[in-house]
Amino acid sequence: MISIYKKYHIAYWCIGIVEIICMVIANVSFCQDTWYPAVPITAVTVMLVLVDAFIFTRLSSKKIANEVLPLFYNCQVQQFIDELKRLFAKTKKGPVVSLYNSLIARGYSAINDYDSVYECCKKIKGKSYKAEYHKYMIEYYLEKEQITLAQNEIEELRKLTNNMKNPKYKEASEISIKNAEFAIRIKQGNYEGAEEHYLEVLNTVKPLYPITKSSYSYALGKLLFLKGENERAKEYLQTAYDLGGDSKYKKFAEEFLQKLANEQSTLP
């Protein structure tokens, strides 16, 4: 993680080298007659190096959260993808590979490139990112109309969700499961409960980022269109279009708005 930001990477190594030099000097100074002082000196140095790594990892994570993720949240999806590719261009191995692929899969999903989503999911190996793996594999299988495989992934995600300790992650995962279940029901012509679910998310999720509002507005608009409630559908589809940026939600909302306009034009 630290290596994606050059200035943090340089600072991390410089501080680490200084700490090791200090350890060597201390060992030379205090271990001339006995080696015993080397044990606490080395232990303290190792601890300081670990603290050094922790601090710069947190700084790198915060920088991504403040500078990269907002691109996605504000529906600048292609820019989000491009920035991730630039930052992680030299990442070849380690846990950061799973992080990168879980993040960029989010972007590919938002532009409806599910072949790329699938390729990303194959590279998500880290245990900490398995929930993201299952989430995007659910979306992939739903897009490919492979309902049984999607349901299998839902069950795997449910198992992980039940054991989650972080309330924020658990709530997000539970919403993802509900989204998938309602998506399957809607594909099967069962619309019961879907409207209430989408409205609840729109009214309760905080902060309600443009990407979230656009996606749920599109889902609700599409549902209302399928139910024949065209005037209500238009309101939500227009919201999805207005906020959607370069995401699939704007594109799809535009297609449904055109269908509504065509139907309106054929009325006597």
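Reply: A residue is called buried when its relative accessible area is under 20%, exposed when that area is over 50%, and partly exposed in between. The model considered here is a predicted one. In helix α6, the residues that count as buried are Tyr114, Val117, Cys120 and Cys121.

Me: What makes the buried residues of α6 line one face of the helix?

Reply: The arc concerns the directions from the helix axis to the C-beta atoms. Viewed down the axis of α6, the buried residues fall within an arc of 105°, so they line one face.

Me: Which residues of α12 are buried, and why are they said to line one face?

Reply: Ala233, Tyr236, Leu237 and Ala240 are the buried residues of α12. Down the axis of α12 these residues fall within an arc of 100°, and therefore they line one face of the helix. On the other side of α12, the exposed residues are Glu231, Glu235 and Asp242.

Me: How does the reach of α12 from its first C-alpha to its last stand against what is expected?

Reply: Helix α12 covers residues 230–243, which is 14 residues. The expected span is 1.5 Å times one less than the number of residues. After α12 comes Gly245, with a positive phi near 55°.

Me: Why is α7 called roughly parallel to α9?

Reply: The axes of α7 (residues 130–143) and α9 (residues 167–187) cross at roughly 10° and come within 10 Å. Angles under 35 degrees count as roughly parallel, so α7 is roughly parallel to α9. On the α7 side the contact is made by Lys135, Ile138 and Leu142, and on the α9 side by Ser176, Ala180, Ala183, Ile184 and Lys187. Sorted by class, this contact of α7 with α9 has 5 nonpolar, 1 polar and 2 charged residues.

Me: How do you know whether Ser173 is buried or exposed?

Reply: Ser173 has a relative accessible area of 7%. The cut-off for buried is under 20%, so Ser173 is buried. Ser173 lies in helix α9. Leaving aside residues up to four places away in sequence, Ser173 touches Leu157, Thr161 and Met164.

Me: What makes Asn112 and Glu145 worth a remark on phi?

Reply: Most residues other than glycine have a negative phi. Asn112 is not a glycine, yet its phi is positive, about 70°. Glu145 is likewise a residue other than glycine with a positive phi, near 60°. Asn112 is found in the loop between α5 (95–110) and α6 (114–121), while Glu145 lies in the loop between α7 and α8 (147–162).

Me: Why does Asn112 count as partly exposed, and why does Glu145 count as exposed?

Reply: Asn112 has 25% relative accessibility, which lies between the cut-offs of 20% and 50%, so Asn112 is partly exposed. Glu145 has 52%, which is over 50%, and therefore Glu145 is exposed. Ala43, in helix α2 (residues 38–67), has a relative accessible area of 45% and is partly exposed.

Me: Which residues does a cis peptide bond join?

Reply: The cis peptide bond joins Lys206 and Pro207, with omega about -5°. Most peptide bonds are trans. Pro207 is found in the loop between α10 (194–204) and α11 (210–226).

How values were computed: Residues numbered from 1 in each chain as written. Predicted model: local features only at pLDDT ≥ 70, side-chain atom pairs only at ≥ 80, totals over all residues. Heavy atoms only, no water. Axes fitted to C-alpha atoms, helices over the stretch in contact; angles between N-to-C directions. Helix = DSSP H or I, 4+ residues; strand = E, 2+ residues; numbered from the N terminus. Parallel < 35°, antiparallel > 145°, perpendicular 65-115°, else oblique. Contact = heavy atoms within 4.5 Å. Nonpolar A, V, L, I, M, F, W, Y, C, P; charged D, E, K, R; others polar. Buried < 20%, exposed > 50% of the residue type's maximum accessible area, 1.4 Å probe, protein only.
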